[in-house]
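Here is a friendly walk through one model, from its overall fold to its surface. Please have the viewer open as you read.

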Amino acid sequence: MSVSDTPPPAPPVPPPSPPTHKRHGCLTALMVVFGIFMLLPGFCALLFGGMSVVDGGQIPSDIASLIFLGLVIGIGGVALIWAAIKGRNAPPRPRTGP
């Protein structure tokens with residue numbers, strides 16, 4: 001039996017993972033600021049809705065839609081702040097060329 005002087009082949013190296021593209025800090029800050037502005041109508045809706053329920057026992061029909069709209073905008077603000085803090089990655093850039 002002969003002994004060869006060549007070493008065994010090295011295991012294949014996996015390809016490097018593509019770099020993750022993070023969102024810019026300025027965009028995250030803008031999302032948080034706009035989210036805070038969107039929270040203000042939600043707080044007003046809670047305030048006026050709570051005052052209406054305490055005073056009369058029910059929400060008058062003329063302001064019910066405004067309270068609902070304020071709550072929806074406030075929920076959107078919470079979602080915007082949550083998305084900014086969570087830090088979603090930007091989609092990867094398409095590759096050009098061969």
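## Overall fold

The chain's secondary structure consists of two helices and zero strands. Here helices (H or I, at least four residues) and strands (E, at least two) are DSSP runs, numbered from the N terminus. This is a predicted model, in which local features need pLDDT of at least 70 and side-chain atom pairs count only at pLDDT 80 or more, while totals for chains, interfaces and linings use all residues. Residues are numbered from 1 along each chain as its sequence is written, and side-chain values use heavy atoms, with hydrogens and water left out.

Of the 98 residues in the chain, 14% are buried. Buried means under 20% relative accessible area, exposed means over 50%, and partly exposed lies in between (1.4 Å probe, protein chains only). Take the contacts between residues at least 6 apart in sequence: 76% of them join residues at least 24 apart. Contact here means heavy atoms within 4.5 Å.

Helix H1 (residues 25-56) has 32 residues and reaches 47 Å from its first C-alpha to its last, close to the 46 Å expected at 1.5 Å a residue. The expected span is 1.5 Å times one less than the number of residues in the helix. Gly57 follows H1 and has a positive phi, near 85°.

Helix H2 (residues 61-86) has 26 residues, and its end C-alpha atoms are 38 Å apart, in agreement with the 38 Å it should span at 1.5 Å a residue. After H2 comes Gly87, again with a positive phi, near 75°.

## How the helices pack

Which residues of H1 are buried? They are Met31, Gly35, Leu39, Gly42, Ala45, Gly49 and Ser52, and they pack against H2. On the H2 side, the buried residues are Ile67, Gly70, Gly74, Gly77, Ile81, Ala83 and Ala84, and these pack against H1. An α-helix has 3.6 residues a turn, so residues three or four places apart point the same way.

Ile81 counts as buried because its relative accessible area is 16%. Leaving out residues up to four places away in sequence, Ile81 touches Val32, Gly35, Ile36 and Leu39. Ile81 and Val32 are 49 residues apart in sequence, yet their C-alpha atoms are 5.0 Å apart in space.

Lys86 also lies in H2, but Lys86 is exposed, with a relative accessible area of 52%.

## Surface and cysteines

The chain exposes about 8300 Å², and carbon and sulfur atoms supply 73% of that area. Accessible areas come from the Shrake-Rupley method with a 1.4 Å probe; for residues, only the protein chains shown count as cover. A nonpolar surface patch of about 780 Å² is formed by Leu30, Val33, Phe34, Phe37, Leu40, Phe43, Leu46 and Leu71. Its members have over 30% relative accessible area and no salt bridge, and their nonpolar side chains (Val, Leu, Ile, Met, Phe, Trp, Tyr) are joined within 5 Å, whereas like charges are joined within 9 Å. A salt bridge is a side-chain nitrogen of Lys or Arg within 4 Å of a carboxyl oxygen of Asp or Glu. Helix H1 gives the largest share of the patch, seven residues. Leu40, one of the patch residues, is partly exposed at 46% relative accessible area.

How many disulfides does a search of the whole structure find? The search finds zero, a disulfide being a pair of cysteine sulfur atoms within 2.5 Å. Cys26 is exposed, with a relative accessible area of 55%, and Cys44 is partly exposed at 40%.
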